[in-house]
Amino acid sequence: MKLSNRKILITGGTSGIGLELTKQLVAQGNKLIICGRSKERLDEVKAQYPQQVDVFQCDLAEEGECEALVQWVSDNHSQTSVLINNAAIVHKEEFLGNSNSMAKAKKEMAVNFFAPLYLIKHLHPILIANLTPVIVNITTGLVYAPKAAYSFYNSTKSALHSFTQVYRLQTSSADLTVIEVLFPAVDTPWHKGKAPEIAISPREAVKIMLHGIAKGKKEIRVGKVRLLYLISRIAPNLAFK
């Protein structure tokens, strides 16, 4: 199943993997809707693809802004048949080492887990009204072995990983494809200029993702995530180390 000549909503589409998705999906003849918090970045993408991309500014940590996004899509983009839940945030710090850790945990869970659930639930009627609807949830190889520096991120993505499996089963009789893409370290602004040596480029990561979707895969383990998955099954302590 190749994603072409579709209308696609991408959350967090202004940088990193989201921006690379925008570039490659536009090249495949799709019309895109992207959302993000930064109006400046949204305007930059819109200026680069004035005919192919529409933008919407929102903070997915706020349920009211998720609601506004859904209403805008419903009013202006009812042909949307693909939802890619890509947006995510992370706080790199010890749980007990910060007085605001609970507030940060709640915000990560809101953006990384509850926002995708909200969009899936409330955009479902729009998606299934179009041919061959698709939902793509972006997670990480860290669902198999968490990174100790991320107090909350691993948990939020593990929650989305588990939900995706259950949701796929619950909708198995419907005309809906539910896909999960598990990325390794990718050299994006996420790492603030300090990407690990094993990080792959956004171009390569998205190319592998779209190839997996075209081949009909429902769970796409990109790059070294495949190895991490196997190690976690055989020797979980080694995977964690």
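**Loops, helices and packing**

Tutor: Threonine 132 is partly exposed, with a relative accessible area of 40% (buried is under 20%, exposed over 50%, partly exposed in between; 1.4 Å probe, protein chains only). The model is predicted, so local features need pLDDT of at least 70 and side-chain atom pairs pLDDT 80 or more, while totals for chains, interfaces and linings use all residues. Residues are numbered from 1 along each chain as its sequence is written, and side-chain values use heavy atoms, without hydrogens and water.

Student: Where is threonine 132 found, and what is its phi near?

Tutor: Threonine 132 sits in the loop between helix 4 and strand 5 (134-140) (DSSP runs numbered from the N terminus: helices H or I, at least four residues; strands E, at least two). Most residues other than glycine have a negative phi. Threonine 132 is not a glycine, yet its phi is positive, near 40 degrees.

Student: Which category of exposure does asparagine 5 fall into, and what is its relative accessible area?

Tutor: Asparagine 5 lies in the segment before strand 1 (7-11). Asparagine 5 also has a positive phi, about 55 degrees, although it is not a glycine. By its accessibility, asparagine 5 is exposed, with a relative accessible area of 66%.

Student: How many of the residues of helix 1 are buried?

Tutor: The 12 residues of helix 1 (residues 16-27) should span 16 Å at 1.5 Å a residue, and the end C-alpha atoms are 17 Å apart, which agrees (the expected span is 1.5 Å times one less than the number of residues). Just after helix 1, glycine 29 takes a positive phi of about 85 degrees. The buried residues of helix 1 include Ile17, Leu19, Leu21 and Leu25, with Glu20 and Gln24 also among them. Helix 1 is mostly covered, and the buried count is 10 of its 12 residues.

Student: Are helix 3 and helix 4 roughly parallel or roughly antiparallel?

Tutor: The axes of helix 3 (residues 63-76) and helix 4 (residues 101-128) come within 10 Å and cross at roughly 25 degrees (axes are fitted to C-alpha atoms, for helices over the stretch in contact; angles run from 0 to 180 degrees between N-to-C directions). Angles under 35 degrees count as roughly parallel, over 145 as roughly antiparallel, 65 to 115 as roughly perpendicular and the rest as oblique. Helix 3 and helix 4 are therefore roughly parallel.

Student: Which residues in helix 4 does helix 3 meet?

Tutor: Contact means heavy atoms within 4.5 Å. From helix 3, Glu63, Cys66, Glu67, Leu69, Val70, Val73 and Ser74 take part. Their partners in helix 4 are Ala115, Tyr118, Leu119, His122, Leu123 and Ile126.

Student: How far apart are the axes of helix 4 and helix 5?

Tutor: Glu108, Met109, Asn112, Phe113, Pro116, Leu117, Ile120 and His124 in helix 4 meet residues of helix 5 that include Tyr153, Leu160 and Phe163. Helix 4 and helix 5 are roughly parallel to each other. Helix 5 covers residues 153-170, and it packs on helix 4 at an angle of about 25 degrees, with the axes apart by 7 Å.

Student: What separates the C-alpha atoms of valine 90 and asparagine 112?

Tutor: Valine 90 lies in the loop between strand 4 (82-85) and helix 4. Valine 90 is partly exposed, with a relative accessible area of 24%. Valine 90 and asparagine 112 are 22 residues apart along the chain, and their C-alpha separation is 8.9 Å.
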